[in-house]
Amino acid sequence: MRGRRILIVLMAAVMVAGVLGSAAMGQKGLGKEEAAKQSLREADQAWLKVFAGKDLDRSVEFMEEDGSMLSPNQPIATGHEAVRKQFADFFALSNFAISWTPERVYVARSGELGYTSGTYTFSFADPSGKQVNDKGKYVTVWTKHADGWKVTMDIFNSDAPAGQ
C-alpha cells in the first residue's frame with residue numbers, strides 16, 4: 001500500500017513537471033518568435049535609414065541579388081543593377097524625402113522568411129518646383145541569411161485616387 005502511494009505521488013510529480021516544462025517551452029518559443037519579429041522590424045528601419053539618407057550602395061545591399069522592386073507605373077526592377085537604377089532615379093528627385101512605418105511584422109516559424117507591411121509618406125519637388133506629397137502602403141518580403149535580413153520583394157502603392 002505504501003509503495004502504491006509513493007508510485008502515485010511520483011507519477012503526479014512527473015505529470016506536473018511535464019505540464020510545467022511544456023508551458024516553459026511555449027514561453028521560450030514565444031520569446032524566440034518575438035525576437036525574430038524584432039530583428040526583422042530593426043532591419044526594416046535600418047533600410048529606411050539608409051534609403052532616406054540617399055545612400056545608394058547601402059540601400060541596394062539590403063536587396064537579395066535577385067530581389068525585385070514593384071514600384072507603381074514602372075516595370076518590375078529585378079536584380080541589383082535594375083534596382084540600383086530605380087533607387088538612383090528616386091534619389092535624384094529634388095527635395096526627395098521618404099518615411100515608412102512597419103505596422104505589421106510577420107516571421108514564419110522556420111525563421112527564414114518574413115514580411116513587413118505598413119504605411120509610407122513620400123515627397124519631392126516636380127520639375128516646376130511644385131511640392132508633391134504622397135502617402136500609401138507597402139509590403140516587403142524578407143529572407144533571413146547568416147548576415148541578416150535581405151529584401152526579396154518590395155511593393156508599394158499610393159492611397160491617392162487614380163489619375164492624381
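## A walk from the cavity outwards

Helices here are DSSP runs of H or I with at least four residues, strands are runs of E with at least two, and both are numbered from the N terminus. The model is a predicted one, so local features need pLDDT of at least 70 and side-chain atom pairs count only at pLDDT 80 or more, while totals for chains, interfaces and linings use all residues. Residues are numbered from 1 along each chain as its sequence is written, and side-chain values use heavy atoms, with hydrogens and water left out.

What is the volume of the largest cavity? It holds about 200 Å³ of space, and the search of the whole structure finds 1 cavity of 30 Å³ or more. A cavity is a set of points, on a 1 Å grid over the protein atoms alone, where a 1.4 Å probe fits but cannot get out; lining residues have an atom within 4 Å of a point. Grid points are joined across faces, edges and corners, and the volume is the space filled by probe spheres set on the points. The lining of the largest cavity counts 14 residues, and Phe 51, Ile 98, Trp 100, Asp 154 and Phe 156 are the ones nearest its centre. Strand 3 gives the most, with 3 residues. By class, the lining has 12 nonpolar, 1 polar and 1 charged residues; nonpolar covers Ala, Val, Leu, Ile, Met, Phe, Trp, Tyr, Cys and Pro, charged covers Asp, Glu, Lys and Arg, and the others, Gly among them, are polar.

Now step back to the whole chain. The protein has 3 helices and 6 strands, arranged along the sequence as α-α-β-β-α-β-β-β-β. Of its 164 residues, 30% count as buried, where buried means under 20% relative accessible area, exposed means over 50%, and partly exposed lies in between (1.4 Å probe, protein chains only). The accessible surface comes to about 10,700 Å², and 59% of that belongs to carbon and sulfur atoms; these areas come from the Shrake-Rupley method with a 1.4 Å probe, and for residues only the protein chains shown count as cover. Among contacts with a separation of 6 or more, 52% are between residues 24 or more positions apart, a contact being heavy atoms within 4.5 Å.

Next come the charged pairs. The structure has 6 salt bridges, each a side-chain nitrogen of Lys or Arg within 4 Å of a carboxyl oxygen of Asp or Glu. Lys 137 and Asp 159 form one of them, with their closest N and O atoms 2.8 Å apart. Lys 137 lies in strand 5 (residues 131–145) and Asp 159 in the segment after strand 6 (148–158), so this pair ties together parts that are 22 residues apart in sequence. Both partners are partly exposed, Lys 137 at 36% relative accessibility and Asp 159 at 42%.

Helix 1 (residues 2–52) holds another pair, Glu 34 and Lys 37, which sit 3 residues apart, about one turn of the helix. Their closest N and O atoms are 3.9 Å apart, and Glu 33 joins Glu 34 and Lys 37 in a network of salt bridges. Glu 34 is partly exposed at 42%, as is Lys 37 at 21%.

Finally, look at the loop between strand 1 (63–70) and strand 2 (77–78), where Pro 72 lies. Leaving aside neighbours within four places in sequence, Pro 72 is in contact with Phe 156 and Asn 157; Phe 156 is also among the residues nearest the centre of the largest cavity. Asn 73 belongs to this loop too, and its phi is near 60°, a positive value in a residue other than glycine. Asn 73 is exposed, with a relative accessible area of 83%. Asn 95 likewise has a positive phi of about 60° without being a glycine, but Asn 95 is found in strand 3, where it counts as exposed at 51% relative accessibility.

Key:
1 Å grid on protein atoms, 1.4 Å probe; cavity = no way out; pocket = protein on both sides within 12 Å on 5 of 7 lines; lining within 4 Å.
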